[in-house]
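Here is a friendly tour of a ligand site and of a sheet in the protein around it. Have a look at the structure, then read on.

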Amino acid sequence: MSSMQRWILRRRPEGEVRPGDLELVTEPMPEPGTGEVLVRTIYLSLDPTNRLWMSDQDQYMPPVNIGETMRGISVGVVETSRSDRLKPGDIVNGLGGWSTHFIANGNHLAPLFAQQGLPLTAYMSVLGATGLTAWYGMCDIGHPKSGETVVVSAAAGAVGSIAGQLAKFRGARVIGIAGGKAKCDWLTNDLGFDGAIDYKSEDVGDALDKLCPDGIDVNFENVGGTIMDAVFSRMNLFGRFALCGMIAAYNDDGRPTGPTDFSRVLMKRLTIRGFLVSDFYPRAAEAMAELIPSVTSGKLKWKVHVDQGLEGAMDSLQRLFTGNHDGKLLIQLSPEP
Ligand SMILES: NC(=O)c1ccc[n+]([C@@H]2O[C@H](COP(=O)([O-])OP(=O)(O)OC[C@H]3O[C@@H](n4cnc5c(N)ncnc54)[C@H](OP(=O)(O)O)[C@@H]3O)[C@@H](O)[C@H]2O)c1
């Protein structure tokens, strides 16, 4: 009998995810019922929010329950179909979870309409939730204008690298904050950023003073904590603050800290907006109208870091917190058709 594997959440992590928090189990391959399909996962997206989903803190969607398959965004291929909507061989994406195979109602999966000539990994990164997050956060909330100064944190990461390029396309001066020389060099040499700050070896506040002498008009915030505070305290009159993520706090048990001088919102009449990419899914076509041609022409650069095999998922997830990855973090579970 053929089998499948999945990671089950066994207890809520305290701090970093550790062995025993999740368990990899092997089970008989399930059979789809009427209206259902069996999907083989090809790529699993590992996202900082996975760590939030393991926690029962108040958040934007229900946490994964103890004993459930770990939630995750994936792309896969339909192997067996008992649905009128999907046939074997169809490529689909959805919340397939940390699982080699899964059963889903055929009505709940979206067939993926791929552009010719682009790899499947593009739809798990720049043309998936990552690209949409960057586009809405930067273009709809930050809306940088020519000549304005934009700062992006986790700037060499999946979302940050795209957000910064979108601001460059609009004529802004873009400063990225990233960990390590290699990532900073990539931002300035390959992506056209106007400056980069290595937060691991530089004082972020001092570096911002040098690189943003006229202050900051737009912040695309991915990190939170002291990096966010350094940017916040340099925001200009009518500045826009797009709060995308606060990864520095995802492994902490307490509440993340906010800016030390919140009165700056009043004094500088700042607009702060937290957002979730899912809020914008109904408007995805707007973003894709720019993202698809920018990707196909090569103007918009993107990277993926692909680890192999579901067994290493917990170690792979840690990369997001150490920065030991280069681009959108994915795991490949099975070959592309
Ligand atoms: N709002 C939404 O809908 C939405 C959607 C997707 C993602 N996000 C958020 O966007 C952010 C980036 O996500 P991503 O998927 O693109 O991941 P990513 O940037 O590719 O990877 C995470 C990066 O965060 C940086 N980082 C981690 N811990 C840090 C710390 N303590 N201090 C400073 N930097 C730290 C590391 O960058 P370095 O290597 O430079 O250190 C790491 O590479 C996350 O906060 C995530 O939650 C939000």
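## The ligand and its shell

An N or O atom in the side chain of K183 sits 2.6 Å from an oxygen atom of the ligand, a polar contact in the sense of a pair of N or O atoms within 3.5 Å. This is a predicted model, in which local features need pLDDT of at least 70, side-chain atom pairs count only at pLDDT 80 or more, and totals for chains, interfaces and linings use all residues. Residues are numbered from 1 along each chain as its sequence is written, and side-chain values use heavy atoms, with hydrogens and water left out.

| Protein atom | Distance to an oxygen atom of the ligand |
|---|---|
| K183, N or O atom in the side chain | 2.6 Å |
| G179, polar backbone atom | 2.7 Å |
| Y250, polar side-chain atom | 2.9 Å |

The protein buries 89% of the 910 Å² that the ligand exposes when taken alone, with areas from the Shrake-Rupley method and a 1.4 Å probe. Two or more residues of the shell come from each of α3 (158-169) and α9 (313-322); helices are DSSP runs (H or I) of at least four residues, and strands (E) of at least two.

Of the 26 residues around the ligand, those coming nearest are G179, K183, Y199, N222 and V277, where near means a heavy atom within 4 Å. The shell has 18 nonpolar, seven polar and one charged residues. Because domain 1 (3-125 + 303-332) and domain 2 (129-280 + 288-294) both give residues to this shell, the ligand lies between them.

## The sheet

Six strands form an open sheet in the order β10-β9-β8-β11-β12-β13, with parallel pairing; strands pair if DSSP finds at least two bridges between them. β10 (195-198) and β13 (271-274) stand at the edges with a single partner strand each, so one side of each has no neighbour in the sheet.

Technical notes: A polar contact is a pair of N or O atoms within 3.5 Å; within protein, one must be able to donate a hydrogen and the other to accept it, and residues adjacent in sequence count only if both atoms are side-chain atoms. Ala, Val, Leu, Ile, Met, Phe, Trp, Tyr, Cys and Pro count as nonpolar, Asp, Glu, Lys and Arg as charged, and the others, Gly among them, as polar. Domain bounds come from an automatic or database domain assignment.
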